[in-house]
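Q: Hi, I have just opened this one and would like a slow walk through it. Could you take my questions as they come?

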Amino acid sequence: MSADGGVLSPPLAALLELTHRCPLQCPYCSNPLELERAKGELSTAEWLRVLDEAAELGILQVHFSGGEPAVRRDLTDLVAHARRIGLYSNLITSGVTLDKPRIAQLKEAGLDHVQLSIQDVDHQTAAFIANYPGVQGKKLAFARMVKEAGLPLTINAVINRHNISRVERMIDLAVSLGAGRVEVAHAQYYGWAIRNRAALMPTLPQVHEATRHVESARERLRGQIVIDYVLPDYYARQPKACMGGWGRQFLNITPSGEVLPCHAAQTIPGMAFESVRHKPLAEIWGGSPAFERFRGTDWMPELCRTCDQREVDWGGCRCQALAVVGDAAATDPACAKSPKNATLRALADEAASQPPPDFVYRRMTPHDSKPALAVTTG
Amino acid sequence: MTASELASDARPGLAPGVRLTFDKARDRWVVLAPERVLVPDETALEILQRCDGARQVDTIVDELASAYSADRSEIEHDVKDLLASLIEKRIVTA
């Protein structure tokens with residue numbers, strides 16, 4: 001039962017982080033600062049069981065993500081199994097490790113959709129952001145191979161102060177690559193991105209200009225491409241319904257099998273997460289204290305509980321409340337009604353007004369930074 | 001595309017990356033698309049189930065007009081309206 005007394009619905013989708021290994025080192029990566037090692041990853045057999053449990057529970061869509069999911073040699077087997085049991089499968093990839101034969105195998109296995117991240121249209125800045133020389137050329141070649149294989153493509157561009165002036169060109173690039181959809185998403189400041197906040201944060205006038213470009217592109221490209229736009233929380237007046245509400249529609253599974261309500265939930269102190277290694281997914285979804293903690297509206301502070309938007313934004317983002325207010329159960333500071341809304345804005349203004357500091361690139365701790373691609377699992 | 005621009009002999013089909021499937025856990029039909037789950041109402045479902053890339057818009061209208069014993073021009077208006085909006089959202093191609 002959910003906190004509001006209704007019957008708990010099953011989740012619609014699951015984000016499956018097959019691995020934290022990735023050849024790129026983007027400084028806004030949504031993975032936690034403490035990256036999991038290859039030796040802790042779920043085996044192929046364990047992932048196959050998780051897929052069965054997901055379909056049984058009522059999950060409709062699975063997103064194979066990472067790290068770079070294609071680092072796992074069993075990716076095609078997992079996609080094939082997902083298809084067999086009726087799950088809609090999406091591959092969220094950096095695009096730099098998959099060659100033509102593997103793309104063909106994924107298509108053959110029944111992959112429904114590919115989502116390719118890009119860092120920029122400018123090759124030099126893209127390489128700088130990913131800390132990977134030649135990254136853009138590889139991505140463009142990958143996008144072409146995806147289209148040749150007949151797979152539908154979404155381009156995902158993460159917007160930050162280094163690329164924000166080229167939002168319009170990124171949308172046009174997506175169109176020229178034959179993408180049916182482009183996500184223009186301002187960096188979300190958790191995990192690595194909050195560590196790199198000052199190096200990533202654009203100014204408010206830059207954000208306004210980017211928003212104008214997105215709006216005019218939507219008009220100009222109506223019917224040609226779907227443009228999804230994720231606004232930056234730090235300049236927001238209304239919080240977003242993070243994950244569609246805690247424990248309402250989504251779950252996230254880490255490489256070692258921990259089940260999270262969102263990918264940043266591990267930053268919240270005092271939360272205990274359960275693993276698919278020890279419990280069926282349905283039991284974790286229905287009864288895990290971590291999912292119950294912020295589910296529904298009962299947990300809300302007075303300000304949220306009495307707000308007419310409480311079942312629209314579901315209180316916004318818990319991890320952001322923690323990161324900025326110091327209390328995961330506080331009103332999301334992205335809300336104009338939050339006493340900390342001005343603090344959030346001031347943090348953004350201050351970060352954006354200084355010259356950008358160097359990136360802290362996303363990587364495993366030095367003693368584990370052996371080439372990720374040399375390791376195989378599964 | 002507007003409804004009036006949709007040719008009567010177009011053959012609408014589900015767009016690449018889109019599946020119409022029965023959701024057993026919730027006992028309803030759903031449209032699965034990239035990052036989207038849509039729940040069609042009864043009319044939309046009747047239309048989507050006929051978007052097979054083979055039937056023409058006219059045929060779909062005829063079938064529905066006959067199934068519901070309804071006024072053909074009214075059905076044509078509804079079908080074209082819905083298809084135009086689904087084409088713009090890239091759920092359907094024609």
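A: Gladly, and one term is needed before the sheet makes sense: two strands are said to pair if DSSP finds at least two bridges between them. Please also keep in mind that this is a predicted model.

Q: OK, so what is the strand order in the open sheet of chain A?
A: The open sheet has nine strands in the order S7-S6-S5-S4-S3-S2-S1-S8-S9 of chain A, and its pairing is mixed.

Q: And which ones are the edge strands?
A: The edge strands are S7 (226–230) and S9 (259–260) of chain A, each of which pairs on one side only.

Q: How does S7(A) join S6(A)?
A: Strand S6 of chain A, residues 181–186, runs parallel to S7(A), and five bridges join the two. In this pairing A:Arg181 stands opposite A:Val226 of S7(A).

Q: Let's move to S3(A): how many of its residues are buried?
A: Six of the six residues of S3(A), residues 88–93, are buried, so this strand is largely enclosed by the rest of the structure.

Q: Which residues sit on each side of it?
A: On one side are A:Tyr88, A:Asn90 and A:Ile92, and on the other are A:Ser89, A:Leu91 and A:Thr93; all of these are buried, which leaves both faces of S3(A) covered. As a general point, side chains in a regular strand alternate between the two faces of the sheet.

Q: What does S3(A) pair with?
A: It pairs with S2(A), residues 61–65, in the parallel sense over four bridges, and four bridges also join S3(A) to S4(A), residues 113–118, again running parallel.

Q: Changing topic, what about the largest nonpolar core?
A: The largest nonpolar core has 130 residues, and those with the most contacts inside it are A:Ala14, A:Leu51, A:Ala54, A:Ile59, A:Val62 and A:Phe64.

Q: What does A:Ala14 touch?
A: Not counting residues up to four places away in sequence, A:Ala14 touches A:Ala54, A:Ile59, A:Val62, A:Leu251 and A:Ile253.

Q: I also clicked on A:Glu17; is that buried or exposed?
A: A:Glu17, which is found in strand S1 of chain A, residues 13–17, is buried, because 26 other C-beta atoms lie within 10 Å and 20 or more is the cut-off for calling a residue buried. Leaving aside neighbours within four places in sequence, A:Glu17 is in contact with A:Ser65, A:Gly66, A:Gly67, A:Asn252, A:Ile253, A:Thr254 and A:Pro255.

Q: And where is A:Thr203?
A: A:Thr203 lies in the loop between helix H8 (197–200) and helix H9 (204–220) of chain A, and it is partly exposed, with 16 other C-beta atoms within 10 Å. The C-alpha atoms of A:Thr203 and A:Asp349 are separated by 6.5 Å, although the two residues are 146 residues apart along the chain.

Q: What does H14(A) pack against?
A: The buried residues of H14(A) pack against helix H7 (191–195) and helix H15 (341–353) of chain A. Six of the eight residues of H14(A), residues 318–325, are buried, so the helix is largely enclosed by the rest of the structure. Just after H14(A), A:Gly326 takes a positive phi of about 90°.

Q: Now the other chain: which helices and strands does chain B have?
A: Chain B has three helices and five strands, and read along the sequence they follow the pattern β-β-β-β-α-α-α-β. Of its 94 residues, 27% count as buried.

Q: How does its radius of gyration look for a compact globule?
A: Chain B has 13 Å, which agrees with the value near 12 Å that a compact globule of 94 residues would have. Its C-alpha atoms fill a box of roughly 35 × 25 × 20 Å along the principal axes.

Q: Last one, how many residues do chains A and B put into their contact?
A: The contact takes 17 residues from chain A and 17 residues from chain B. On the side of chain A that touches chain B, the residues divide into six nonpolar, eight polar and three charged.

Conventions:
Residues are numbered from 1 along each chain as its sequence is written. Chains are lettered from A and ligands numbered from 1 in the order in which they are written. This is a predicted model: local features need pLDDT of at least 70, side-chain atom pairs count only at pLDDT 80 or more; totals for chains, interfaces and linings use all residues. The radius of gyration is taken over C-alpha atoms; the globule rule is 2.2 Å times the number of residues to the power 0.38. A residue is buried if 20 or more other C-beta atoms lie within 10 Å of its own, exposed if 12 or fewer, and partly exposed in between; C-beta atoms are placed from the backbone. Two residues are in contact if their C-beta atoms, placed from the backbone, lie within 7 Å. Ala, Val, Leu, Ile, Met, Phe, Trp, Tyr, Cys and Pro count as nonpolar, Asp, Glu, Lys and Arg as charged, and the others, Gly among them, as polar. A nonpolar core is a set of buried Ala, Val, Leu, Ile, Met, Phe, Trp, Tyr and Cys residues joined through C-beta atoms within 7 Å.
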